[in-house]
Amino acid sequence: MSEDREAAPSAVQASQQVRSVIGRLRRRIRAAAGTGDLTLTQASAMGRLLDSDGQGLTTSDLAVAEGMRHQSMATTIAALTAQGLVERRRDPDDGRRMLIVLTPEGRRRAQDGRRARGEWLAAELQAKCTEAERQTVIAAMAVLERLGND
């Protein structure tokens, strides 16, 4: 947006509401997953590793994906390693690189957490929203998805 053009009042209001709602919803979804001993960053990193289909990711890959510094992600990975949820393996294509992969326990916890979050949210949408409201949520997600893509 150019400096000489202010955001429309509706854009400002939408921005405030989206950030507020997403923040509260993230906390409720996280609580539903029962990941009590994991930080949000740890749980998110495990989810990304789960999505890597066992191939693993480097600490740098995870840091970029999470929008954080390499050193901060290294601390996150160290904590997950200490809990036995991830391990380091040499990259079979480049022996100089180390890949972070989920252990069997880490995979189970990541899958269980994902399942619990999905079930909680689906149940809430079923119980508290009409079919028309759920369709509105689906349409709104397409708009938010567009905002989230670079």
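Tutor: First, a term: axes are lines fitted to C-alpha atoms, for helices over the stretch in contact, and angles run from 0 to 180 degrees between N-to-C directions. Also, this is a predicted model.

Student: OK. At what angle do α2 and α4 pack?

Tutor: The angle between α2 and helix α4 (residues 70-82) is about 80°, and their axes are 10 Å apart. Angles of 65 to 115 degrees count as roughly perpendicular, so α2 is roughly perpendicular to α4.

Student: Which residues make the contact?

Tutor: From α2, Thr41, Gln42, Ala45 and Met46; from α4, Met73, Thr76, Ala79 and Leu80. By class, the contact of α2 with α4 has 5 nonpolar, 3 polar and no charged residues.

Student: And how do α2 and α3 pack?

Tutor: Helix α2 (residues 40-51) meets helix α3 (residues 59-66) at about 115°, with axes 11 Å apart. Their crossing is right-handed. Ser44, Ala45, Arg48 and Leu49 of α2 touch Leu62, Ala65 and Glu66 of α3. Those residues divide into 4 nonpolar, 1 polar and 2 charged.

Student: Which helix gives the largest share of the lining?

Tutor: α1 does, with 11 residues. Elements that give two or more residues are α1 (9-33), α2, α3, α5 (104-128) and α6 (131-148).

Student: How many lining residues are charged?

Tutor: The lining of the largest pocket has 10 charged residues, along with 19 nonpolar and 5 polar.

Notes: Residues are numbered from 1 along each chain as its sequence is written. This is a predicted model: local features need pLDDT of at least 70, side-chain atom pairs count only at pLDDT 80 or more; totals for chains, interfaces and linings use all residues. Side-chain values use heavy atoms; hydrogens and water are left out. Helices (H or I, at least four residues) and strands (E, at least two) are DSSP runs, numbered from the N terminus. A crossing is left-handed if the near helix is turned anticlockwise from the far one by less than a right angle, and right-handed if clockwise. Contact means heavy atoms within 4.5 Å. Ala, Val, Leu, Ile, Met, Phe, Trp, Tyr, Cys and Pro count as nonpolar, Asp, Glu, Lys and Arg as charged, and the others, Gly among them, as polar. Angles under 35 degrees count as roughly parallel, over 145 as roughly antiparallel, 65 to 115 as roughly perpendicular and the rest as oblique.
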